[in-house]
Amino acid sequence: MNNYPLINSQLGIYFYQINNTQSCVYNNPFCINISKNDNVDIFKLANDFKALVNNHKVFSVAIDVIEGIPSMILDQHNFEYQLCKVDEDDIQNQLEKFVKPFDLKNDTLVRLTIFETQNNFYFAF
């Protein structure tokens with residue numbers, strides 16, 4: 001197993017998060033609205049995003065304590081995205097639910113959910 005001790009700036013974030021487990025202060029959510037009329041292959045785009053994350057292991061590390069030292073553990077997670085069909089009038093509510101704390105030990109450090117409405121796709125990451 002490949003693991004590396006966290007550096008000082010990472011330790012600050014780590015200690016903040018483990019002491020404030022419901023905090024989203026370090027989440028930087030972003031959403032792209034793509035109209036179904038734009039002729040964008042949504043699933044190719046999503047699979048390209050998945051390949052980007054899976055090919056750069058820094059996005060899929062776990063953070064845990066190894067022998068008393070907070071460390072990054074490489075090769076822990078395989079990134080997957082979700083597709084959810086929602087009503088257009090519920091999209092804001094769904095986007096707000098999308099933003100939630102990361103479980104540093106069990107989550108990937110990147111999330112992607114594609115919300116599909118009647119007329120649009122919303123890429124939330």
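1. A polar atom of the side chain of Ser71 lies 2.9 Å from the backbone oxygen of Ile69. The model in which this distance was computed is a predicted one, and the points below should be read with that in mind.

2. Ser71 belongs to strand S4, which spans residues 69-73, and its relative accessible area is 2%. Because that value falls under the 20% cut-off, Ser71 counts as buried. When its neighbours within four places in sequence are set aside, Ser71 is in contact with Asn3, Tyr4, Pro5 and Leu6, and also with Ala62, Ile63, Asp64 and Ile66. Ile114, on the other hand, stands 43 residues from Ser71 in sequence, and the two C-alpha atoms are 31 Å apart in space.

3. The largest pocket has a volume of about 670 Å³, and its lining is made up of 22 residues. Nearest the centre of this pocket lie Tyr26, Asn27, Phe102, Leu109 and Val110. Helix H1, residues 8-19, supplies the largest share of the lining, namely 4 residues. By residue class, the lining of the largest pocket comprises 17 nonpolar residues, 4 polar ones and 1 that is charged.

4. The second largest pocket has a volume of about 330 Å³. It is lined by 17 residues, and those closest to its centre are Gln82, Lys100, Arg111, Leu112 and Thr113. Two or more lining residues come from each of strand S5 (82-85), helix H3 (91-98) and strand S6 (113-116), and H3 gives the most, with 3 residues. The lining of the second largest pocket divides into 6 nonpolar, 6 polar and 5 charged residues.

5. Which residues of H3 are buried? They are Ile91, Gln94, Leu95 and Phe98. Viewed down the axis of H3, these buried residues fall within an arc of 100 degrees, and they therefore line one face of the helix. Glu96 and Lys97 are exposed, and they are carried on the face of H3 that is turned away from the buried side.

6. Against which elements do the buried residues of H3 pack? They pack against strand S2 (31-35), against S6 and against strand S7 (120-124).

Definitions and conventions
Residues numbered from 1 in each chain as written. Predicted model: local features only at pLDDT ≥ 70, side-chain atom pairs only at ≥ 80, totals over all residues. Heavy atoms only, no water. 1 Å grid on protein atoms, 1.4 Å probe; cavity = no way out; pocket = protein on both sides within 12 Å on 5 of 7 lines; lining within 4 Å. Points joined across faces, edges and corners; volume = space filled by probe spheres on them. Nonpolar A, V, L, I, M, F, W, Y, C, P; charged D, E, K, R; others polar. Buried < 20%, exposed > 50% of the residue type's maximum accessible area, 1.4 Å probe, protein only. Arc of directions from axis to C-beta. Contact = heavy atoms within 4.5 Å. Polar contact = N/O pair within 3.5 Å; in protein donor to acceptor, adjacent residues only side chain to side chain.
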